[in-house]
Amino acid sequence: MNEIAVFTGNLTIYWSSILICLGIAAGLFMTLALYPADHRHNTAVWVFFPFAVAISVVLARLIHWYSHIEQYSSLLASLTDYTTGGYCIQGIILGTLLAALLVRLLHLTPTAGELLDAAAPGIVLALALIRLSSLFNTGCRSKIVITNEAFQTLPWAVSWQDAAGNVEFRLATFFLEFLALLAVTVILCVFFMRHRSEELWEGWPNSGNVARLGLILVGAVEVIADSTRYDSALMHFFLLKKLNPYASFISIAQVFSGVCILLVFIHYMKISVRVSGWRWYHFVAIPVFVLCLVGAGCFGEYRVQRTALYTECYLWMAGSLLVLIATVMGIYATCVARDYD
């Protein structure tokens, strides 16, 4: 498929760029629709989005440069020349968080959590369309070859031509992740409408819960999707090169997602324990959480790299992540103030 949408003189506009811009616009409009739900003015959103886009672009490129330094002539080129290279959506997540904190410092929103709650569905929708933009380039493809002709079409597979000119069909990671992120967007919209104002016990702030749910759901999607990619952003060290043999197979996206999920779990565990003390469900939740992390990491990711038993390993990984999400949300439910009168 032709990557170029418009070419005239020195101006070249790519289809992928158009989809990325549409994704940003869709995220903005959804946030503008949700933020006034609690009678707030949209000034915060108009300030938030330019900062979020600017910071996200820089961080997304920096992370990609760190992992794929061979694709760039220099660090400066990675930040100024966008005709080559790629991006990592972990930079987008960090960028939106920093932008929300900046807007809070400007006193344009009561809390950063309230702004992020309203922005979370739109941000995930933007991520979905950004992933779909890979339809017009060779990014976010899988290393898994689809041989069954019934699945050699979207949403399952996309054609791929190797250096020798041979055509094969690879799992369309970008399209499957696009669909998964659309589903996450719907879930976050429903959660925002029904639960954004839920009071937590003993006056704990009730803002930020939609954004935290978004973090763990997007994290779960990224853990599986990034595992299938041929172009994953892997970790390596400049000064501690002796560590590279032990860390060079580790995906930045998976580590980032795992840390985000862990931080959300710790946040709700802290609230739950402080409110009600240590209860039996805390002693159940902690080992279940750890076992699910091990299940997703060792029995899922570790085995798939060494056995290529894709169906078995990814089912195990998906099952572990679903239980992980259920565990985190179960602890969250113990933090919600209930009226038992």
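Visitor: What does "partly exposed" mean here?
Guide: Buried means under 20% relative accessible area, exposed means over 50%, and partly exposed is in between. This is a predicted model.

Visitor: So where does Cys-189 fall: buried, exposed or partly exposed?
Guide: Cys-189 is partly exposed, because its relative accessible area is 21%.

Visitor: And Cys-335, buried or exposed?
Guide: Cys-335 is buried, with a relative accessibility of 0%.

Visitor: How many disulfides are there?
Guide: Zero, in a search of the whole structure.

Visitor: Change of topic. How many cavities of 30 Å³ or more does the structure hold?
Guide: One. The space in the largest cavity is about 40 Å³.

Visitor: Which elements line it with two or more residues?
Guide: H7, helix H9 (252-276) and H11 do. H7 gives the most to this cavity, four residues. Among the lining residues are Phe-191, Arg-212, Tyr-268 and Tyr-332.

Visitor: What classes are in that lining?
Guide: Eight nonpolar residues, one polar and one charged.

Visitor: Now the second largest pocket. How much space lies in it?
Guide: About 840 Å³. Its lining has 27 residues. Nearest the centre are Leu-171, Leu-176, Ile-224, Thr-228 and Tyr-314.

Visitor: Which helices supply two or more of its lining residues?
Guide: Helix H6 (173-195), helix H7 (209-228) and helix H11 (310-335). H11 has the largest share of this pocket's lining, with seven residues.

Visitor: And how does that lining split by class?
Guide: The second largest pocket has 21 nonpolar, five polar and one charged residues in its lining.

Visitor: Where is there a cis peptide bond?
Guide: Between Leu-154 and Pro-155, with omega about 10 degrees. Pro-155 sits in the loop between helix H5 (112-132) and strand E3 (157-161).

Visitor: Why point that out?
Guide: Because most peptide bonds are trans. Most residues other than glycine also have a negative phi.

Visitor: What is phi for His-107?
Guide: Near 60 degrees, a positive value in a residue that is not glycine. His-107 lies in the loop between helix H4 (89-105) and H5. His-107 is exposed, at 66% relative accessible area.

Visitor: And Cys-140, what is its phi?
Guide: Positive, about 55 degrees. Cys-140 is in the loop between H5 and E3.

Visitor: Is Cys-140 buried or exposed?
Guide: Buried, because its relative accessibility is 1%, under the 20% limit.

Methods
Residues are numbered from 1 along each chain as its sequence is written. This is a predicted model: local features need pLDDT of at least 70, side-chain atom pairs count only at pLDDT 80 or more; totals for chains, interfaces and linings use all residues. Side-chain values use heavy atoms; hydrogens and water are left out. On a 1 Å grid over the protein atoms alone, a cavity is a set of points where a 1.4 Å probe fits but cannot get out, and a pocket is an open set with protein on both sides within 12 Å along at least five of seven lines; lining residues have an atom within 4 Å of a point. Grid points are joined across faces, edges and corners, and a volume is the space filled by probe spheres set on the points. Ala, Val, Leu, Ile, Met, Phe, Trp, Tyr, Cys and Pro count as nonpolar, Asp, Glu, Lys and Arg as charged, and the others, Gly among them, as polar. A disulfide is a pair of cysteine sulfur atoms within 2.5 Å. Buried means under 20% relative accessible area, exposed over 50%, partly exposed in between (1.4 Å probe, protein chains only).
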